[in-house]
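Subject: Structure for your review

Dear colleague,

My notes on what was found in it follow.

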Amino acid sequence: MSITQGKSSFDFLYIIGNHSNDEIFTLFKFHTIIILLLNILMGVRNIQMKKTNRNLLFLLLSLTLASFILLLLFEQPAAKGSDLIAIISRDGKPLERINLNEVTAPYTLVFEDDQGGRNTVAVSPCHICIVSSNCPDQLCVKHGPVEAGGPPAVCLPHHFMIEVISETKPQIDTYTH
Amino acid sequence: MSSTKRLVYLSLLICLSLVIYVVELGLPFPLPISGAKLGLANMISLAVLILDGPGAAFTVLILRILLGQFLTGQIVSFSFSLCGGLISLLGMTFLHQCLKERVSLWLLSMVGGILHNIGQFCVALWLMRRMALLYYLPFLLALGLICGLINGLGAQFVILHLQKLKAKQASHSFRA
């Protein structure tokens, strides 16, 4: 009894520990960039240069800063218990929509377009990535697994893209009410 | 400048920016964004814009992109280069015509860099038609800022040397 009680009192620590390292890293990365930009922005006000130049530089830096802040605001890590939906699209047309939580055994999919571009996608439980592609830059393969709310894996030469979104499961209440 | 001299002068500059373009394609760029590079060839367009006006700059830019496609054979990047380059040069021309001497060269180049990346991003958005692509926009803007700064500083050197060339040419034609 005392052991279970002890465990439950440290539950919050378990949650913090369970927070994936990547999420904290992403958050930290954005904060660093934003603080850096903010510092430069404040410093620019005191630099001695022509007024037009200073105003223009201020405008450019605030534009960049605003875009980073917007990204931070709109980027939400996947909520626990929500469905991870992978959307695979080419030319903006969705080809495949996979619920990653319902995948039981790993499998691969091969997508080929009419110009001979081929992308091989590996799907496993809660995990999706492009494993091979015949494009010249291979950036989609180097991208690695796609995270929910994170950057989508893009194969620009083939106009091929994988994004993962998290969808909250409809509660029973929404049906019953 | 006579039309033959102008032809030779502009071809020389196109050749210069083509060489930079091709050499730069061979350099690896550490960021995992497709097609991201310094865009050093644009410093020639910028220098020509300052020295010879927008007409010559557009000629150099468009011919450089067209010939660059023949040399490297990357059909994918054609629409990206053209759209980004044109938007960036249009913006820089507008700013240069409006503010003239009041805007410094490296700042002009920073505006160009940001506009270049916005143009390329619009093409990517038009091709892929997925809003998830917006994730890359802040990084592209920051990258455009940094690359623009580097290009602007490079353009300063190019202008310095081209001015020397032009002065020599002027004195030569005067003697002849």
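In chain A, strand β4 (residues 118-124) and strand β5 (residues 127-133) are paired in the antiparallel sense over 6 bridges. Strands here are DSSP runs of E with at least two residues, helices are runs of H or I with at least four residues, and both are numbered from the N terminus; two strands pair if DSSP finds at least two bridges between them.

Before going further, please note that this is a predicted model, in which local features need pLDDT of at least 70 and side-chain atom pairs count only at pLDDT 80 or more, while totals for chains, interfaces and linings use all residues. Residues are numbered from 1 along each chain as its sequence is written, chains are lettered from A and ligands numbered from 1 in the order in which they are written, and side-chain values use heavy atoms, with hydrogens and water left out.

The four-stranded sheet

Chain A also has an open sheet of 4 strands in the order β2-β1-β7-β6, again with antiparallel pairing. Its edge strands are β2 (93-99) and β6 (153-155) of chain A, each pairing on one side only. β1(A) and β7(A) pair in the antiparallel sense over 8 bridges, and L84(A) stands opposite S166(A) in β7(A). β6(A) and β7(A), which run antiparallel, are joined by 3 bridges. In that pairing V154(A) faces M161(A), and C155(A) stands opposite F160(A). The hairpin of β6(A) and β7(A) has 4 residues between the strands, and H159(A) in the turn has a positive phi of about 55°.

The interface

Chain A contributes 36 residues to the contact and chain B contributes 31 residues, where contact means heavy atoms within 4.5 Å. Together the two chains bury about 2900 Å², with 75% of it on carbon and sulfur atoms; buried area is the accessible area (1.4 Å probe) that two parts lose on being put together, summed over both.

The rule finds 1 salt bridge across this interface, a salt bridge being a side-chain nitrogen of Lys or Arg within 4 Å of a carboxyl oxygen of Asp or Glu. R130(B) forms a salt bridge with E163(A), and their closest N and O atoms are 2.8 Å apart. The elements that give two or more residues to the side of chain A that touches chain B are α3 (21-44), α4 (51-74), β1 (83-90), α5 (139-143) and β7 (160-167) of chain A. Of these, α4(A) gives the most, with 11 residues.

With kind regards
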